[in-house]
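Please open the model in a viewer and keep the sequence beside it.

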Amino acid sequence: RVRGAPLSPLWCRFCFLVRPRVRTMRFIADIVNADKMSGRSRKYKIIFSPQKVSGTHGAAHVTCDEWSFYLLPLDEDIISMELPEFFRDYFLEGDHRWINPVARALQLLNSLYGPFGKTYGIGRCAKMSYELWRDLEEESESEGQGRKPEIGHVFLMDRDTDYVTALCSQVVYEGLVDDTFRIKCGSVDFGPDVTSSDKSIKVLLNSQDKVFSQIRNEHFSSVFGFLSQKSRNLQAQYDRRRGMDIKQMKDFVSQELKGLKQEHRLLSLHIGACESIMKKKTKQDFQETIKAEHSLLEGFDVRESTSFIEEHIDRQVSPIESLRLMCLLSITENGLIPKDYRSLKTQYLQSYGPEHLLTFHNLKRIGLLTEQSAGETLTAVESKVSKLVTDRAAGKITDAFNSLARKSNFRAISKKLGLIPRLDGEYDLKMPRDMAYVFGGAYVPLSCKIIEQVLERRGWQGLEEVVRLLNGNEFSVSGGDSTVEDNPAWESQRVVLAVFLGGCTFSEIAALRFLGKERGCKFIFLTTAITNSARMMEAMIEAKA
């Protein structure tokens, strides 16, 4: 606006497109009140996405609306709802407001690619989301009915079914990039340490990036070798220019040179990213951390791993990392013995500040960092669970036992599903034989193993013990269309929609992509948000900077 010119009607109106968050509302209220105090007369429109919060009322000059935006495609096989607050809101606060957007998202996908063949799920949130989705389908005439289904199976899973996988350090390339630089909405900001210049650059990370698409699912130890070979191949293509005649040179410039330059630029960026990751991880004693994690997963040298965590806290390496390791210790051991819980908590508060007391309260409520009751050793718990699950007369686990079951039972589940591979010699990370490669051959992600087993068995039959150890709430429902199950030709090209409620990691995505290749099927991912261990811990922290 030109200074001194009369106020345009457009300047008298403000429009806010926001998520329904309290802090955002406070920010907007500050703007409205500031305008009021300075005598400005404006109209304000607030558009909430994906839905309005019940009880939202504006003043006469404030109107509210909603934009039902549920799905953001991050890549050809990843769809995100971009709801990072879902994890804390539902699993910690018990807030059910995001279940409706999940059901609406499923309804939308069903109308575009349905009808879905068969739906499986585990977890309370998964069950509620499925039931609401079915209610919505019954209320409206689904557009997907009558057409050939493009998605054969749907699997819904709550994040609290498997906290362990999300807490582990990621070692596939895409996971490491996310842990190190933070991938947001499918793009990442690479700083000067990666670009080798004084500028930062935003890079879109998806299958269109010819270099990234070939290394994203690889274990980090294999990435440098690939990039080195790629560099030599590119140089060989450039060297072809020598000896070309004028016509060949013209064709080369018009058809190949632009693509080669683009590939060379991307190659340089990913080499820079790898070097930056190596420097940062070397400083953080990454190999020692991985060794401690593997010990916790396997149940060996737990006392030594506890000492490593204590040293980590005393050295004040990182408040987030220290919390993550404590949570991993707690979940794999079914809660900490009271002496260790008090000791680690005291050391943490002394190192990082007493304001984290609320953080410990949150972690205990959500089941990430718990204390064993007197006499409640790991073997005692497993023995109680084993007795209960083998007693058919017991039926469902009682409410009184629910809190005990929520404490993970990881060790018992790990044995039942064979999550820790038995190795004869070294695990070949360049030619992986199972999904464990995403964690260096040490651990098959629990979430992915459950999906594999249920799809293989076409239901939960034979997994009753595992289900009860996971606290139940499993379901398996046929979509009423037998196309997928009756047509053998469909089996070789079936598509599975994996829905993660509370977040999905890039390690899980890489593992299921690997499983898809092995089994001749394709996985599509729908998640409330991409997550990792740091995001999970940050969601629990109450201390404000």
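Begin by selecting β7: His153, Phe155 and Met157 point one way from this strand, while Val154, Leu156 and Asp158 point the other way, and all are buried. Buried here means under 20% relative accessible area, with exposed being over 50% and partly exposed in between (1.4 Å probe, protein chains only). In a regular strand the side chains alternate between the two faces of the sheet. Six of the six residues of β7 are buried, so the strand is largely enclosed by the rest of the structure.

Two notes on the source apply throughout. This is a predicted model, in which local features need pLDDT of at least 70 and side-chain atom pairs count only at pLDDT 80 or more, while totals for chains, interfaces and linings use all residues. Residues are numbered from 1 along each chain as its sequence is written, and side-chain values use heavy atoms, with hydrogens and water left out.

Strand β6 (residues 118-122) runs parallel to β7 (residues 153-158), and five bridges join them. Helices (H or I, at least four residues) and strands (E, at least two) are DSSP runs, numbered from the N terminus; two strands pair if DSSP finds at least two bridges between them. Within this pairing, Gly121 stands opposite Leu156, and Ile122 has Met157 as its bridge partner. Strand β11 is also parallel to β7, joined to it by six bridges; there, Leu497 is the bridge partner of Val154.

Now widen the selection to the whole sheet. Seven strands form an open sheet of mixed pairing, in the order β4-β5-β12-β11-β7-β6-β10. β4 (72-75) and β10 (474-478) stand at the edges with a single partner strand each, so one side of each has no neighbour in the sheet. From one strand to the next, the twist averages 20°.

Which strands does helix α3 (residues 99-113) touch as it packs on the sheet? They are β5 (78-80), β7, β11 (495-501) and β12 (522-527), where touching means contact, that is, heavy atoms within 4.5 Å. The direction of α3 makes about 170° with that of β11; axes are lines fitted to C-alpha atoms, for helices over the stretch in contact, and angles run from 0 to 180 degrees between N-to-C directions. Select helix α4 (residues 124-139) as well: this helix packs on the sheet against β6, β7, β10 and β11, and its direction makes about 135° with that of β7.
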